[in-house]
Amino acid sequence: MKLKKPVDVDLYKFVTKGEFDFIETGQTKEWILNNFPDPDRIGDMGHSLYIWLYGNIEFHFAKEILFTIWCDNFSELNAGKNISLDKWIFDNVKELTVSKMIKVLNQEKLNFTLVHKYGSVIIRILDSNVDLYFSPEYDENYINTDTDNLCFSAFGLSHEDYRQKLR
């Protein structure tokens, strides 16, 4: 859909409430095309899997249904030409550690769980189901796995019911 001005997306609202404007996982590609700006690029992954790119924020579709909103490219976080993005704390992700994120989440009085998995940490915000991923820097030794040496690496929101259907 062509719009006269960019849509405003606030990553604070996304992380805390799961709101990406009015996009929700479980919506169809057709509905999104009729109610949201056109993506900058569309990737066909085969097997009815598609990735729509808004800058470097990805919408993942399977069988015409949005199942994940994802971003794992923070070198220059942007949402493309049709979305005005308020980055909140993601302006300088190189400085964002697990303990800093926990401090921010506690200041905002957000409930979350923290999972240690394969030398990484995943923080799930319970009210929004947004996952925040912290991973070790990639080197051949993987020796810096102390929690505060983990780098912020991704965020994502997946539809729980739809994820179960894909298994």
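This is a predicted model: local features need pLDDT of at least 70, side-chain atom pairs count only at pLDDT 80 or more; totals for chains, interfaces and linings use all residues.
A pocket is defined on a 1 Å grid over the protein atoms alone as an open set of points where a 1.4 Å probe fits, with protein on both sides within 12 Å along at least five of seven lines; lining residues have an atom within 4 Å of a point. Grid points are joined across faces, edges and corners, and the volume is the space filled by probe spheres set on the points. The lining of the largest pocket comprises six nonpolar, four polar and six charged residues, where Ala, Val, Leu, Ile, Met, Phe, Trp, Tyr, Cys and Pro count as nonpolar, Asp, Glu, Lys and Arg as charged, and the others, Gly among them, as polar.

The second largest pocket holds about 160 Å³ of space. Its lining is formed by Thr113, Val115, Lys117, Ile122, Arg124, Asp131 and Tyr133, of which three are nonpolar, one is polar and three are charged. At least two lining residues come from each of β7 (112–117), β8 (120–125) and β9 (130–135), and β7 contributes the most, with three.

Overall, the chain contains four helices and 10 strands (DSSP runs of H or I with at least four residues, and of E with at least two, numbered from the N terminus). Along the sequence, these elements follow the pattern β-α-α-β-β-β-β-β-α-β-β-β-β-α. Of the 167 residues, 40% are buried, that is, under 20% relative accessible area with a 1.4 Å probe and protein chains only.

The largest nonpolar core has 39 residues, among which Phe59, Phe90, Leu132 and Phe134 have the most contacts inside it. Such a core is a set of buried Ala, Val, Leu, Ile, Met, Phe, Trp, Tyr and Cys residues joined through side-chain atoms within 4.5 Å. Leaving aside residues up to four places away in sequence, Phe90 touches Leu11, Val15, Leu77, Leu96, Met101, Leu132 and Phe152 (heavy atoms within 4.5 Å).

Five bridges join β2 to the antiparallel strand β3 (residues 49–54); pairing requires at least two DSSP bridges. Gly43 stands opposite Ile51 in β3. Two residues separate the strands of this hairpin, in which His47 takes a positive phi near 55°.

Residues are numbered from 1 along each chain as its sequence is written, and side-chain values use heavy atoms, with hydrogens and water left out. Local features need pLDDT of at least 70 and side-chain atom pairs count only at pLDDT 80 or more, whereas totals for chains, interfaces and linings use all residues.

How values were computed: Buried means under 20% relative accessible area, exposed over 50%, partly exposed in between (1.4 Å probe, protein chains only).
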